[in-house]
Structures are given as structure tokens and as C-alpha cells.
Amino acid sequence: MRMAEIAASSVARPHAVPEARHLTEPPAVKWILISIAVLFIALIVILPLITVLAQAFSKGLEAYLAALKDPDALAALRLTITTALIAVPLNTLFGLAAAWAITKFKFRGKNLLVSLIDLPFAVSPVISGLIFVLLFGAQGLLGPWLAEHNIKIIFAVPGIVLATMFVTFPFVARELIPLMEAQGVQDEEAAVSLGARGW
């Protein structure tokens, strides 16, 4: 009876694969790679943060709190909050619209739109700042017209908001695109079949 079972199993699996070996790296390699990654993060992120905090509190907590009452510090905080309150909702709106267009529709130029969304990742902030100067500066493409109409963009709040939106726009769209692709269109197709309109 045992010989019959062995023969049947060899017929069912004529090219039986030997038991798979353990295919992971040795523990030493794993720990070396983890150590390199942690050291890199410590040097690039944690060490500068510790340095900033140490410098900020070097003269004590009282000096730090007094510095927060300085008019220049308050103006900087107001500017930061104003920029965030303008840039975040606009980036959310534009990022949602871009992600929706990319995932829900087929159209000519879709790859170009994806490339434009990724552009801030590829372009250095220095280059993007230069582009803003060349566009909105006094000698820039739109500079004379803006000066004629007394509109200040560069070195003013609108320029800061535009630069912030340019740098942070991809984060919204790039987070939403995979989620919307995973969601699919089945629910929307069902809703349309039941009489729902586009909105």
C-alpha cells in the first residue's frame, strides 16, 4: 500500500521541486544595512533638529519665550500661518481634481499631466525660485505689466504662497492617485446605472 502511494505521488508531481532554501540575507548583512540607514537618518534629520533645539534653548526657556514676543518673530509666524491657510486648501482642491482626472478619465495628454505633477520633485527649489523671478521679477516676463498695475507677487505674500503650492502640490495628488486607482469605478458605474448624474 505504501509503494502505491509513493508511485501515485510521483505520477502527480513528476518534476517535484526540492524544498525551498531560506533566501534571506545573513543576519550580519541585515544589521549592517539597518545601521547604515539609521545613521543616515540621524545625520540628515535628527542631528540638525537637535542642533536647532539646542541653539533655541541655549539661553534658557525665558529667553526663548521672550524671543517669541519679538515683532519680527510674530510677523514670521503670521506669514507662515497665512501661507499654510491659503496653500493647503488650494493644494487639496487642485490635487483632488488632478488625481480624479488621472484615475477616472482617459484623455490625450494624461502622461503629460502626471509628468507635470511630478515636476516639483525633479526640479530643484533654487531653479523653481529662479523661474518665479524670471516670470514675476521687475525684469521678468510679466514684471513690467505687474509693476504697471501695482501688483506685487515676488518678495510678497502671493509669491510665497505660489512657491509653497508649487513645492507641495505633488504630495496631495501623489497620495490620492493610488487610493483612487485601488477604489476602482464599480461603485460609480452602479450609481450611473441607477440614474445618478456626474456630480
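Modeller: Let's begin with N91, which touches L96, T164, M165, T168, F169 and V172 once residues up to four places away in sequence are left out. Keep in mind that this is a predicted model.

Biologist: Where does N91 sit?

Modeller: N91 is in helix α4, residues 71-104.

Biologist: Why is N91 called buried?

Modeller: Its relative accessible area is 4%, and buried means under 20%. N91 falls below that cut-off, so it counts as buried.

Biologist: What makes the pair N91 and T168 a polar contact?

Modeller: The side chains of N91 and T168 are joined at 2.5 Å, and the cut-off is a pair of N or O atoms within 3.5 Å. The pair therefore qualifies on distance.

Biologist: Now α8. How do you know that its span is close to the expected one?

Modeller: Helix α8 covers residues 157-183, which is 27 residues.

Biologist: Where does α8 bend, and by how much?

Modeller: At T168, by about 40°. A proline, P170, follows within four residues. T168 is also the partner of N91 in that polar contact.

Biologist: Which residues of α8 are buried, and what covers them?

Modeller: The buried ones are G159, V161, M165, F169, P170, A173, I177 and M180. Their cover includes α4 and α5 (110-122). M165 and F169 also turn up among the residues that N91 touches.

Biologist: What comes after α8?

Modeller: G184, with a positive phi near 75°.

Biologist: And the largest pocket: how much space does it hold, and which elements give two or more residues to its lining?

Modeller: About 360 Å³ of space lies in it. The elements giving two or more lining residues are α4 and α9 (186-193). α9 gives the most, with 4 residues. The lining includes W100, K104, E188 and W199.

Biologist: What is the pattern of the whole chain?

Modeller: Read along the sequence, α-α-α-α-α-α-α-α-α, with 9 helices and 0 strands. Of the 199 residues, 15% count as buried. Among contacts between residues at least 6 apart in sequence, 62% join residues at least 24 apart.

How values were computed:
Residues are numbered from 1 along each chain as its sequence is written. This is a predicted model: local features need pLDDT of at least 70, side-chain atom pairs count only at pLDDT 80 or more; totals for chains, interfaces and linings use all residues. Side-chain values use heavy atoms; hydrogens and water are left out. Buried means under 20% relative accessible area, exposed over 50%, partly exposed in between (1.4 Å probe, protein chains only). A polar contact is a pair of N or O atoms within 3.5 Å; within protein, one must be able to donate a hydrogen and the other to accept it, and residues adjacent in sequence count only if both atoms are side-chain atoms. Contact means heavy atoms within 4.5 Å. The expected span of a helix is 1.5 Å times one less than its number of residues. The bend at a residue is the angle between axes fitted to the seven residues ending there and the seven starting there. On a 1 Å grid over the protein atoms alone, a cavity is a set of points where a 1.4 Å probe fits but cannot get out, and a pocket is an open set with protein on both sides within 12 Å along at least five of seven lines; lining residues have an atom within 4 Å of a point. Grid points are joined across faces, edges and corners, and a volume is the space filled by probe spheres set on the points.
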